[in-house]
Amino acid sequence: MTNMIGIGPFITIPLLMSALGGPQAMLGWVVALAIVACDGMVWSELGAALPGSGGSFGYLRHGYGAETVGRLMGFLFVWQFVLSGPLEIASGYIGFAQYLGYIWKGITPRQTMLVVTLIGLANLALLYRRITSIATITITLWIGTIVTVLVVVVTGARQFDPAVAFAFPPGAFRFSLGFLLGLGAASRIGVYDYLGYYDVCYIGDEVENPGRVIPRSILLSTVLVALIYLAVNLSIIGVVPWRDFVPAASHPQSNFVVSILMERVYGPGVATIFTAMILWTAFGSVFALLLGYSRVPYAAAKDGYFFKVFARLHPSEGFPSVSLVVLGALSIVAGFVSLGMVIDALITTRILVQFIGQIGAVTVLRRRAPDMPRPYRMWLYPVPSLVALLGWVFIFATTPPAVIAFGLGALALGIVCFAAWSWKGRTWPFAARALLTPGSHG
(Lines give C-alpha, C1' and ligand atoms only; values in the text may rest on other atoms or scores of the structure.)
Protein backbone atom coordinates (compact mmCIF):
# COMPACT_ATOMS: atom_id res chain seq x y z
CA MET A 1 0.00 0.00 0.00
CA THR A 2 2.97 2.30 0.66
CA ASN A 3 4.12 1.89 -2.93
CA MET A 4 0.56 2.10 -4.30
CA ILE A 5 -0.27 5.44 -2.71
CA GLY A 6 2.93 7.51 -2.72
CA ILE A 7 2.38 10.83 -4.53
CA GLY A 8 -0.38 9.44 -6.79
CA PRO A 9 -3.59 10.80 -5.23
CA PHE A 10 -2.16 14.31 -4.92
CA ILE A 11 -1.11 14.75 -8.56
CA THR A 12 -3.57 12.79 -10.71
CA ILE A 13 -7.00 14.21 -9.79
CA PRO A 14 -6.80 17.22 -12.18
CA LEU A 15 -5.62 14.91 -15.01
CA LEU A 16 -8.39 12.43 -14.22
CA MET A 17 -11.11 15.11 -14.26
CA SER A 18 -9.67 16.66 -17.44
CA ALA A 19 -9.85 13.32 -19.29
CA LEU A 20 -13.66 13.52 -19.51
CA GLY A 21 -14.20 17.16 -18.54
CA GLY A 22 -15.89 16.69 -15.19
CA PRO A 23 -16.58 14.35 -12.25
CA GLN A 24 -17.95 11.70 -14.65
CA ALA A 25 -14.25 10.87 -15.16
CA MET A 26 -14.53 8.81 -11.95
CA LEU A 27 -16.00 6.15 -14.27
CA GLY A 28 -12.49 5.60 -15.66
CA TRP A 29 -11.28 5.06 -12.14
CA VAL A 30 -13.97 2.37 -11.68
CA VAL A 31 -12.95 0.73 -14.99
CA ALA A 32 -9.34 0.71 -13.75
CA LEU A 33 -10.46 -0.94 -10.50
CA ALA A 34 -12.24 -3.72 -12.44
CA ILE A 35 -9.12 -4.31 -14.56
CA VAL A 36 -6.64 -4.43 -11.68
CA ALA A 37 -8.97 -6.56 -9.52
CA CYS A 38 -9.16 -9.20 -12.28
CA ASP A 39 -5.47 -8.82 -13.09
CA GLY A 40 -4.75 -9.21 -9.38
CA MET A 41 -6.19 -12.74 -9.60
CA VAL A 42 -3.68 -13.51 -12.39
CA TRP A 43 -0.85 -12.27 -10.15
CA SER A 44 -2.29 -14.17 -7.17
CA GLU A 45 -2.37 -17.52 -8.96
CA LEU A 46 1.16 -17.09 -10.33
CA GLY A 47 2.53 -15.67 -7.07
CA ALA A 48 1.04 -18.44 -4.94
CA ALA A 49 2.22 -21.21 -7.29
CA LEU A 50 5.69 -19.74 -8.03
CA PRO A 51 6.61 -17.71 -4.92
CA GLY A 52 10.15 -16.70 -5.85
CA SER A 53 11.66 -13.23 -5.91
CA GLY A 54 11.46 -11.32 -9.18
CA GLY A 55 7.72 -11.56 -9.77
CA SER A 56 6.93 -11.29 -13.48
CA PHE A 57 10.51 -12.17 -14.45
CA GLY A 58 10.07 -15.66 -12.96
CA TYR A 59 6.47 -16.14 -14.06
CA LEU A 60 7.18 -15.34 -17.71
CA ARG A 61 10.26 -17.60 -17.84
CA HIS A 62 8.47 -20.48 -16.15
CA GLY A 63 5.27 -20.06 -18.14
CA TYR A 64 6.86 -19.93 -21.59
CA GLY A 65 9.87 -22.22 -20.99
CA ALA A 66 12.97 -20.97 -19.15
CA GLU A 67 15.44 -21.83 -21.93
CA THR A 68 13.28 -21.01 -24.98
CA VAL A 69 10.50 -18.43 -25.42
CA GLY A 70 10.54 -17.75 -21.67
CA ARG A 71 14.11 -16.50 -22.10
CA LEU A 72 12.87 -13.91 -24.59
CA MET A 73 9.91 -12.94 -22.39
CA GLY A 74 12.15 -12.60 -19.32
CA PHE A 75 14.56 -10.38 -21.25
CA LEU A 76 11.72 -8.23 -22.63
CA PHE A 77 10.24 -7.85 -19.15
CA VAL A 78 13.53 -6.47 -17.81
CA TRP A 79 13.97 -4.39 -20.98
CA GLN A 80 10.59 -2.68 -20.54
CA PHE A 81 11.26 -2.39 -16.81
CA VAL A 82 14.42 -0.36 -17.53
CA LEU A 83 12.11 2.02 -19.44
CA SER A 84 8.90 1.94 -17.39
CA GLY A 85 10.56 1.94 -13.96
CA PRO A 86 12.23 5.33 -14.56
CA LEU A 87 8.93 6.68 -15.95
CA GLU A 88 7.19 5.77 -12.70
CA ILE A 89 9.98 7.37 -10.64
CA ALA A 90 9.87 10.44 -12.91
CA SER A 91 6.18 10.93 -12.12
CA GLY A 92 7.22 11.44 -8.48
CA TYR A 93 9.87 13.98 -9.49
CA ILE A 94 7.31 15.84 -11.59
CA GLY A 95 4.81 15.77 -8.72
CA PHE A 96 7.46 17.13 -6.33
CA ALA A 97 8.25 20.02 -8.71
CA GLN A 98 4.53 20.77 -9.21
CA TYR A 99 3.80 21.07 -5.48
CA LEU A 100 6.98 23.07 -4.94
CA GLY A 101 5.28 25.59 -7.26
CA TYR A 102 2.85 26.42 -4.42
CA ILE A 103 5.74 27.57 -2.21
CA TRP A 104 8.01 28.85 -5.02
CA LYS A 105 5.61 31.26 -6.71
CA GLY A 106 6.14 31.80 -10.42
CA ILE A 107 8.48 28.84 -10.98
CA THR A 108 9.35 28.67 -14.69
CA PRO A 109 9.52 25.52 -16.88
CA ARG A 110 13.33 25.79 -16.93
CA GLN A 111 13.45 26.08 -13.13
CA THR A 112 11.11 23.09 -12.90
CA MET A 113 13.55 21.02 -14.97
CA LEU A 114 16.35 22.16 -12.66
CA VAL A 115 14.33 21.02 -9.61
CA VAL A 116 13.68 17.61 -11.23
CA THR A 117 17.42 17.25 -11.94
CA LEU A 118 18.49 18.24 -8.42
CA ILE A 119 15.93 15.97 -6.72
CA GLY A 120 16.91 13.11 -9.03
CA LEU A 121 20.62 13.58 -8.27
CA ALA A 122 19.92 13.85 -4.51
CA ASN A 123 17.95 10.60 -4.64
CA LEU A 124 20.78 8.90 -6.53
CA ALA A 125 23.40 10.21 -4.10
CA LEU A 126 21.46 8.95 -1.05
CA LEU A 127 21.07 5.50 -2.59
CA TYR A 128 24.67 5.22 -3.80
CA ARG A 129 25.64 3.16 -0.75
CA ARG A 130 24.63 -0.01 1.05
CA ILE A 131 21.17 0.59 2.50
CA THR A 132 20.72 -1.08 5.88
CA SER A 133 17.66 0.80 7.15
CA ILE A 134 15.03 -0.20 4.56
CA ALA A 135 12.42 -1.08 7.21
CA THR A 136 12.84 2.24 9.04
CA ILE A 137 12.67 4.22 5.79
CA THR A 138 9.55 2.35 4.64
CA ILE A 139 7.72 2.80 7.95
CA THR A 140 8.64 6.50 8.09
CA LEU A 141 7.36 6.96 4.54
CA TRP A 142 4.17 5.05 5.35
CA ILE A 143 3.44 7.18 8.44
CA GLY A 144 4.00 10.40 6.47
CA THR A 145 1.78 9.21 3.62
CA ILE A 146 -1.09 8.05 5.86
CA VAL A 147 -1.03 11.23 7.99
CA THR A 148 -1.14 13.35 4.82
CA VAL A 149 -4.00 11.31 3.35
CA LEU A 150 -5.99 11.37 6.61
CA VAL A 151 -5.71 15.15 6.90
CA VAL A 152 -7.07 15.53 3.34
CA VAL A 153 -9.93 13.08 3.93
CA VAL A 154 -10.97 14.57 7.31
CA THR A 155 -10.77 18.12 5.92
CA GLY A 156 -12.83 17.20 2.86
CA ALA A 157 -15.43 15.26 4.89
CA ARG A 158 -16.04 18.24 7.19
CA GLN A 159 -16.44 20.70 4.29
CA PHE A 160 -17.99 18.34 1.69
CA ASP A 161 -20.68 19.84 -0.54
CA PRO A 162 -22.47 17.33 -2.83
CA ALA A 163 -23.67 20.14 -5.11
CA VAL A 164 -20.02 21.09 -5.76
CA ALA A 165 -18.78 17.50 -6.09
CA PHE A 166 -21.46 16.30 -8.52
CA ALA A 167 -21.93 19.36 -10.71
CA PHE A 168 -21.90 17.38 -13.96
CA PRO A 169 -21.55 19.33 -17.23
CA PRO A 170 -24.33 19.05 -19.88
CA GLY A 171 -24.18 15.74 -21.79
CA ALA A 172 -21.67 14.30 -19.32
CA PHE A 173 -22.65 10.69 -20.08
CA ARG A 174 -23.45 11.03 -23.78
CA PHE A 175 -21.83 8.06 -25.52
CA SER A 176 -19.51 8.87 -28.43
CA LEU A 177 -16.02 8.12 -29.74
CA GLY A 178 -14.75 11.13 -27.78
CA PHE A 179 -16.32 9.75 -24.61
CA LEU A 180 -14.68 6.37 -25.24
CA LEU A 181 -11.25 7.93 -25.78
CA GLY A 182 -11.71 10.07 -22.66
CA LEU A 183 -12.75 7.00 -20.68
CA GLY A 184 -9.56 5.27 -21.86
CA ALA A 185 -7.47 8.25 -20.74
CA ALA A 186 -9.18 8.31 -17.34
CA SER A 187 -8.69 4.54 -17.00
CA ARG A 188 -4.95 4.86 -17.68
CA ILE A 189 -4.67 7.42 -14.89
CA GLY A 190 -6.71 5.13 -12.65
CA VAL A 191 -4.40 2.19 -13.37
CA TYR A 192 -1.40 4.41 -12.59
CA ASP A 193 -2.98 5.21 -9.21
CA TYR A 194 -3.31 1.47 -8.45
CA LEU A 195 0.17 0.43 -9.65
CA GLY A 196 1.95 -1.61 -7.01
CA TYR A 197 -0.96 -3.92 -6.10
CA TYR A 198 1.34 -6.80 -7.06
CA ASP A 199 4.52 -5.64 -5.25
CA VAL A 200 4.37 -8.52 -2.74
CA CYS A 201 5.13 -10.87 -5.67
CA TYR A 202 8.60 -9.35 -6.08
CA ILE A 203 9.62 -10.62 -2.63
CA GLY A 204 7.73 -13.92 -2.82
CA ASP A 205 10.54 -16.04 -1.31
CA GLU A 206 10.51 -13.85 1.82
CA VAL A 207 6.76 -14.31 2.43
CA GLU A 208 5.60 -16.92 4.95
CA ASN A 209 2.76 -19.12 3.66
CA PRO A 210 2.76 -17.39 0.21
CA GLY A 211 -0.17 -19.44 -1.06
CA ARG A 212 -2.40 -17.64 1.41
CA VAL A 213 -0.58 -14.35 2.08
CA ILE A 214 0.13 -13.23 -1.51
CA PRO A 215 -3.51 -13.38 -2.78
CA ARG A 216 -4.76 -11.71 0.43
CA SER A 217 -2.12 -8.98 0.20
CA ILE A 218 -3.12 -8.20 -3.40
CA LEU A 219 -6.87 -8.25 -2.73
CA LEU A 220 -6.81 -6.26 0.52
CA SER A 221 -4.33 -3.68 -0.80
CA THR A 222 -6.46 -3.07 -3.89
CA VAL A 223 -9.73 -2.73 -1.94
CA LEU A 224 -8.27 -0.49 0.78
CA VAL A 225 -6.43 1.77 -1.67
CA ALA A 226 -9.62 2.04 -3.76
CA LEU A 227 -11.48 3.29 -0.67
CA ILE A 228 -8.65 5.72 0.20
CA TYR A 229 -8.57 7.13 -3.34
CA LEU A 230 -12.36 7.48 -3.43
CA ALA A 231 -12.26 9.39 -0.15
CA VAL A 232 -9.39 11.65 -1.33
CA ASN A 233 -11.04 12.38 -4.70
CA LEU A 234 -14.40 13.25 -3.15
CA SER A 235 -12.71 15.32 -0.42
CA ILE A 236 -11.08 17.53 -3.05
CA ILE A 237 -13.90 17.93 -5.59
CA GLY A 238 -16.42 18.40 -2.77
CA VAL A 239 -14.60 21.58 -1.66
CA VAL A 240 -12.67 22.87 -4.70
CA PRO A 241 -15.04 23.08 -7.74
CA TRP A 242 -13.66 20.91 -10.54
CA ARG A 243 -13.98 23.81 -13.02
CA ASP A 244 -11.24 25.58 -11.02
CA PHE A 245 -8.64 23.06 -12.25
CA VAL A 246 -10.14 21.55 -15.47
CA PRO A 247 -8.69 21.41 -18.04
CA ALA A 248 -5.45 20.99 -16.11
CA ALA A 249 -3.27 22.42 -18.91
CA SER A 250 -4.87 25.88 -18.66
CA HIS A 251 -5.14 26.07 -14.85
CA PRO A 252 -1.74 26.46 -13.10
CA GLN A 253 -3.32 25.73 -9.71
CA SER A 254 -4.05 22.18 -10.90
CA ASN A 255 -0.35 21.46 -10.19
CA PHE A 256 -1.01 21.72 -6.43
CA VAL A 257 -4.75 21.20 -6.05
CA VAL A 258 -4.47 19.69 -2.53
CA SER A 259 -2.57 22.79 -1.36
CA ILE A 260 -5.45 24.91 -2.74
CA LEU A 261 -7.91 22.77 -0.75
CA MET A 262 -5.93 23.37 2.45
CA GLU A 263 -5.60 27.11 1.75
CA ARG A 264 -9.37 27.52 1.26
CA VAL A 265 -10.16 25.73 4.52
CA TYR A 266 -7.28 26.68 6.84
CA GLY A 267 -5.42 29.56 5.15
CA PRO A 268 -2.02 29.84 3.41
CA GLY A 269 0.09 29.11 6.51
CA VAL A 270 -1.35 25.64 7.10
CA ALA A 271 -1.40 25.03 3.35
CA THR A 272 2.36 25.70 3.17
CA ILE A 273 3.06 23.24 6.01
CA PHE A 274 0.84 20.66 4.34
CA THR A 275 2.61 21.19 1.00
CA ALA A 276 5.89 20.40 2.78
CA MET A 277 4.32 17.11 3.95
CA ILE A 278 3.40 16.25 0.37
CA LEU A 279 6.98 17.03 -0.73
CA TRP A 280 8.20 14.64 1.97
CA THR A 281 5.81 11.94 0.75
CA ALA A 282 6.88 12.50 -2.87
CA PHE A 283 10.58 12.22 -2.07
CA GLY A 284 10.03 9.19 0.13
CA SER A 285 8.15 7.40 -2.65
CA VAL A 286 10.83 8.02 -5.32
CA PHE A 287 13.52 6.92 -2.84
CA ALA A 288 11.71 3.62 -2.20
CA LEU A 289 11.00 3.08 -5.91
CA LEU A 290 14.56 3.64 -7.11
CA LEU A 291 15.91 1.49 -4.29
CA GLY A 292 13.67 -1.45 -5.21
CA TYR A 293 13.64 -1.06 -8.99
CA SER A 294 17.43 -0.88 -9.34
CA ARG A 295 17.60 -4.48 -8.05
CA VAL A 296 15.48 -5.96 -10.87
CA PRO A 297 17.89 -5.59 -13.85
CA TYR A 298 20.74 -6.57 -11.49
CA ALA A 299 19.03 -9.83 -10.46
CA ALA A 300 18.20 -10.70 -14.09
CA ALA A 301 21.76 -9.99 -15.27
CA LYS A 302 23.22 -12.03 -12.40
CA ASP A 303 21.12 -15.02 -13.52
CA GLY A 304 22.26 -14.62 -17.13
CA TYR A 305 18.98 -13.25 -18.51
CA PHE A 306 20.05 -9.66 -19.18
CA PHE A 307 23.13 -7.66 -20.16
CA LYS A 308 26.09 -8.68 -17.97
CA VAL A 309 27.08 -5.07 -17.19
CA PHE A 310 23.94 -4.69 -15.00
CA ALA A 311 25.27 -7.44 -12.68
CA ARG A 312 28.19 -5.27 -11.53
CA LEU A 313 28.37 -4.47 -7.83
CA HIS A 314 30.08 -1.50 -6.19
CA PRO A 315 33.61 -2.74 -5.29
CA SER A 316 33.45 -1.75 -1.61
CA GLU A 317 29.76 -1.23 -0.73
CA GLY A 318 28.34 -4.22 -2.62
CA PHE A 319 25.20 -2.61 -4.11
CA PRO A 320 24.22 -2.84 -7.84
CA SER A 321 25.90 0.41 -8.91
CA VAL A 322 25.45 0.20 -12.70
CA SER A 323 21.76 -0.67 -12.48
CA LEU A 324 21.18 2.12 -9.94
CA VAL A 325 22.96 4.79 -12.02
CA VAL A 326 21.26 3.79 -15.31
CA LEU A 327 17.75 3.81 -13.81
CA GLY A 328 18.49 6.97 -11.83
CA ALA A 329 19.75 8.85 -14.90
CA LEU A 330 16.82 7.70 -17.07
CA SER A 331 14.39 8.84 -14.33
CA ILE A 332 15.80 12.37 -14.43
CA VAL A 333 15.54 12.54 -18.25
CA ALA A 334 11.96 11.20 -18.15
CA GLY A 335 11.08 13.95 -15.66
CA PHE A 336 11.51 16.60 -18.38
CA VAL A 337 8.20 15.73 -20.14
CA SER A 338 4.62 16.28 -18.98
CA LEU A 339 3.02 14.15 -16.25
CA GLY A 340 0.26 13.00 -18.61
CA MET A 341 2.79 11.82 -21.19
CA VAL A 342 4.82 10.00 -18.53
CA ILE A 343 1.74 8.13 -17.23
CA ASP A 344 0.59 7.18 -20.74
CA ALA A 345 4.05 5.91 -21.73
CA LEU A 346 4.49 4.06 -18.41
CA ILE A 347 1.20 2.13 -18.65
CA THR A 348 1.53 1.44 -22.40
CA THR A 349 5.07 0.08 -22.02
CA ARG A 350 4.02 -2.36 -19.28
CA ILE A 351 0.83 -3.65 -20.90
CA LEU A 352 2.29 -5.69 -23.77
CA VAL A 353 4.94 -7.82 -22.05
CA GLN A 354 4.11 -7.76 -18.35
CA PHE A 355 0.31 -7.65 -18.03
CA ILE A 356 -0.82 -9.38 -21.23
CA GLY A 357 2.24 -11.67 -21.15
CA GLN A 358 1.29 -12.93 -17.67
CA ILE A 359 -2.30 -13.63 -18.71
CA GLY A 360 -0.81 -15.85 -21.41
CA ALA A 361 1.53 -17.48 -18.85
CA VAL A 362 -1.40 -18.42 -16.57
CA THR A 363 -3.26 -19.97 -19.52
CA VAL A 364 -0.22 -21.90 -20.79
CA LEU A 365 0.58 -23.25 -17.31
CA ARG A 366 -3.03 -24.36 -16.78
CA ARG A 367 -2.79 -26.43 -19.97
CA ARG A 368 0.83 -27.59 -19.79
CA ALA A 369 1.06 -28.27 -16.06
CA PRO A 370 -2.49 -28.99 -14.82
CA ASP A 371 -1.18 -30.89 -11.78
CA MET A 372 1.19 -28.14 -10.60
CA PRO A 373 0.41 -27.23 -6.96
CA ARG A 374 -1.76 -24.10 -6.97
CA PRO A 375 -2.50 -22.95 -3.41
CA TYR A 376 -4.69 -20.23 -4.92
CA ARG A 377 -6.73 -20.89 -8.06
CA MET A 378 -8.31 -17.98 -9.89
CA TRP A 379 -12.02 -17.72 -9.13
CA LEU A 380 -14.33 -18.35 -12.12
CA TYR A 381 -11.36 -19.07 -14.42
CA PRO A 382 -10.97 -17.99 -17.23
CA VAL A 383 -13.42 -15.06 -16.77
CA PRO A 384 -11.05 -12.78 -14.76
CA SER A 385 -8.24 -13.41 -17.29
CA LEU A 386 -10.53 -12.43 -20.17
CA VAL A 387 -11.84 -9.32 -18.38
CA ALA A 388 -8.26 -8.21 -17.60
CA LEU A 389 -7.17 -8.92 -21.20
CA LEU A 390 -10.06 -6.93 -22.67
CA GLY A 391 -9.33 -4.10 -20.21
CA TRP A 392 -5.65 -3.92 -21.14
CA VAL A 393 -6.50 -4.00 -24.86
CA PHE A 394 -9.06 -1.18 -24.34
CA ILE A 395 -6.52 0.99 -22.49
CA PHE A 396 -3.83 0.33 -25.11
CA ALA A 397 -6.18 0.98 -28.06
CA THR A 398 -7.40 4.33 -26.65
CA THR A 399 -3.86 5.62 -26.04
CA PRO A 400 -2.64 8.50 -28.26
CA PRO A 401 -0.98 7.13 -31.45
CA ALA A 402 2.42 8.63 -30.60
CA VAL A 403 2.48 6.76 -27.28
CA ILE A 404 1.36 3.50 -28.96
CA ALA A 405 4.23 3.97 -31.42
CA PHE A 406 6.61 4.47 -28.47
CA GLY A 407 5.37 1.27 -26.80
CA LEU A 408 5.60 -0.83 -29.98
CA GLY A 409 8.95 0.74 -30.92
CA ALA A 410 10.40 -0.03 -27.48
CA LEU A 411 9.19 -3.63 -27.79
CA ALA A 412 10.65 -4.01 -31.31
CA LEU A 413 14.00 -2.54 -30.21
CA GLY A 414 14.00 -4.96 -27.25
CA ILE A 415 13.52 -7.93 -29.58
CA VAL A 416 16.40 -6.70 -31.78
CA CYS A 417 18.67 -6.30 -28.72
CA PHE A 418 17.67 -9.76 -27.49
CA ALA A 419 18.53 -11.26 -30.87
CA ALA A 420 21.96 -9.54 -30.93
CA TRP A 421 22.66 -10.51 -27.31
CA SER A 422 21.62 -14.14 -27.91
CA TRP A 423 23.67 -14.34 -31.11
CA LYS A 424 26.76 -13.08 -29.31
CA GLY A 425 26.30 -15.52 -26.42
CA ARG A 426 25.19 -18.42 -28.67
CA THR A 427 22.09 -18.94 -26.53
CA TRP A 428 18.50 -19.66 -27.66
CA PRO A 429 17.47 -19.31 -30.46
CA PHE A 430 21.08 -19.33 -31.74
CA ALA A 431 22.42 -22.07 -29.45
CA ALA A 432 24.80 -24.46 -31.22
CA ARG A 433 23.09 -27.83 -31.58
CA ALA A 434 25.01 -30.84 -30.38
CA LEU A 435 26.20 -33.06 -33.24
CA LEU A 436 24.60 -36.49 -33.33
CA THR A 437 27.10 -39.27 -32.70
CA PRO A 438 26.81 -42.74 -34.37
CA GLY A 439 24.20 -44.81 -32.62
CA SER A 440 22.49 -41.82 -31.00
CA HIS A 441 18.85 -41.03 -31.65
CA GLY A 442 17.50 -37.74 -33.02
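Visitor: Which helix gives the largest share of the lining of the largest cavity?
Guide: This is a predicted model. Its largest cavity holds about 150 Å³ of space. H1 (2-5), H5, H9 (177-194) and H12 (268-293) each supply at least two lining residues. The largest share, four residues, comes from H5.

Visitor: Which residues lie closest to the centre of the largest cavity?
Guide: The lining of this cavity has nine nonpolar, six polar and two charged residues. It counts 17 residues in total. Those closest to the centre are Asn-3, Ile-5, Glu-88, Tyr-192 and Leu-289.

Visitor: How many charged residues are in the lining of the second largest cavity?
Guide: This cavity has a volume of about 70 Å³. H5, H15 (339-368) and H17 (401-425) each supply at least two of its lining residues. Among the lining residues are Trp-79, Gln-80, Thr-349 and Gly-407. By class, seven are nonpolar, three are polar and the number charged is none.

Visitor: Which class do the residues of the contact of H5 with H13 belong to: nonpolar, polar or charged?
Guide: H5 passes H13 in a left-handed crossing. H5 brings Phe-57, Phe-77, Val-78, Phe-81 and Val-82, while H13 brings Val-296, Pro-297 and Ala-300. None is polar and none is charged; eight are nonpolar.

Methods
Residues are numbered from 1 along each chain as its sequence is written. This is a predicted model: local features need pLDDT of at least 70, side-chain atom pairs count only at pLDDT 80 or more; totals for chains, interfaces and linings use all residues. Side-chain values use heavy atoms; hydrogens and water are left out. A crossing is left-handed if the near helix is turned anticlockwise from the far one by less than a right angle, and right-handed if clockwise. Contact means heavy atoms within 4.5 Å. Ala, Val, Leu, Ile, Met, Phe, Trp, Tyr, Cys and Pro count as nonpolar, Asp, Glu, Lys and Arg as charged, and the others, Gly among them, as polar. On a 1 Å grid over the protein atoms alone, a cavity is a set of points where a 1.4 Å probe fits but cannot get out, and a pocket is an open set with protein on both sides within 12 Å along at least five of seven lines; lining residues have an atom within 4 Å of a point. Grid points are joined across faces, edges and corners, and a volume is the space filled by probe spheres set on the points.
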